[in-house]
Protein chains: 2
Amino acid sequence: MISNYYTEIRLEAHECKRSLNAIDDALYVIGGKWKLRIIATLSDGSHRFNELQRAVKGISARVLSNELKDLELCGLVERRLSAQKPFVAEYILTDYSLTLKDVLASLNGWGAMHRERIKQSLADQQ
Amino acid sequence: MISNYYTEIRLEAHECKRSLNAIDDALYVIGGKWKLRIIATLSDGSHRFNELQRAVKGISARVLSNELKDLELCGLVERRLSAQKPFVAEYILTDYSLTLKDVLASLNGWGAMHRERIKQSLADQQ
């Protein structure tokens, strides 16, 4: 039933291997529990560290700090001083992060669809 | 487990943007270190547990078992007996998992692009 799963993506066996690697690459950078949440939060605009920690519910300061360093290294997030006094550090998405638009849109679409499906299945049970 | 999760979601629904929630929903189901790797591996066809553990490099049996249970609960993976003798348990993607095609394609595209960017930036440094 699923043998043609990748029909549109897979051309040959090694091509499939390559796409698996590319997905791995993407997940290495933006996978895990927090990175896309941080990016989604910053897509609203720049945030100070504390604001960001409040917005990304459940993340500890230590983990947030590490995640932000990773995202900076990958060129997705920039740490800079705010334009106005008091000059405090704030985090902002880089232009490069715009390349994630399709990924975020597809996750958004799938998440919304999946939630509707669960709701429907809960309603059917009642 | 799923009903608890959705109770949680309902409570904070008014606080967050819908799209952030939808991305969270998606990441709840397919985020983390392993789930999409398992799905990508199973897109090649059904696998027994041991085959799957070998293919998804670095995953422990305990974690793989938990991840598979989660994926079954979400309707993405099915555990069934093989069609031929010896009848052993194997895992296969469900039709519902086909809905992830766009997500996988966008991650694949982004991962490939990002790798090229890194290669280019390493080449530029030399």
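Chain A averages a pLDDT of 83, and 84% of its residues score at least 70. The pLDDT is the predictor's confidence in each residue, from 0 to 100. This is a predicted model: local features need pLDDT of at least 70, side-chain atom pairs count only at pLDDT 80 or more, and totals for chains, interfaces and linings use all residues. Residues are numbered from 1 along each chain as its sequence is written, while chains are lettered from A and ligands numbered from 1 in the order in which they are written. For the complex, the predictor gives an ipTM of 0.76 and a pTM of 0.73.

Over residues 1-13 of chain A, pLDDT stays under 50. The model has 14 contacts beyond four places in sequence for that stretch. Two residues are in contact if their C-beta atoms, placed from the backbone, lie within 7 Å. Among the elements of chain A, helix H1 (residues 13-30) has the lowest mean pLDDT, 71. Helix H4 (residues 61-73) of chain A has the highest, 96.

Now the fold. Chain A has 5 helices and 3 strands. From the N terminus on, its elements run α-α-β-α-α-β-β-α. Helices (H or I, at least four residues) and strands (E, at least two) are DSSP runs, numbered from the N terminus. Of the 126 residues in chain A, 33% are buried. Buried means that 20 or more other C-beta atoms lie within 10 Å of the residue's own; exposed means 12 or fewer, and partly exposed lies in between, with C-beta atoms placed from the backbone. Take contacts in chain A between residues at least 6 apart in sequence: 41% join residues at least 24 apart.

Next, one residue. A:Arg79 sits in strand S2 (residues 77-81) of chain A. A:Arg79 has 13 other C-beta atoms within 10 Å, so it is partly exposed. Leaving aside neighbours within four places in sequence, A:Arg79 is in contact with A:Glu72, A:Ala89 and A:Tyr91. From A:Arg79 to A:Asp124 is 45 residues in sequence and 48 Å in space, C-alpha to C-alpha.

Finally, the pair of chains. A rotation of 180° with 0.0 Å of shift along its axis superposes chain A on chain B, with an RMSD of 0.2 Å. The two copies are therefore related as by a two-fold rotation axis. Copies are superposed by least squares on the C-alpha atoms of residues with pLDDT of at least 70 in both. Of the residues of chain A, A:Gly32 comes closest to the rotation axis, at 2.1 Å (C-alpha). The copies meet through the same surface, because 85% of the interface residues of chain A are also interface residues in chain B.
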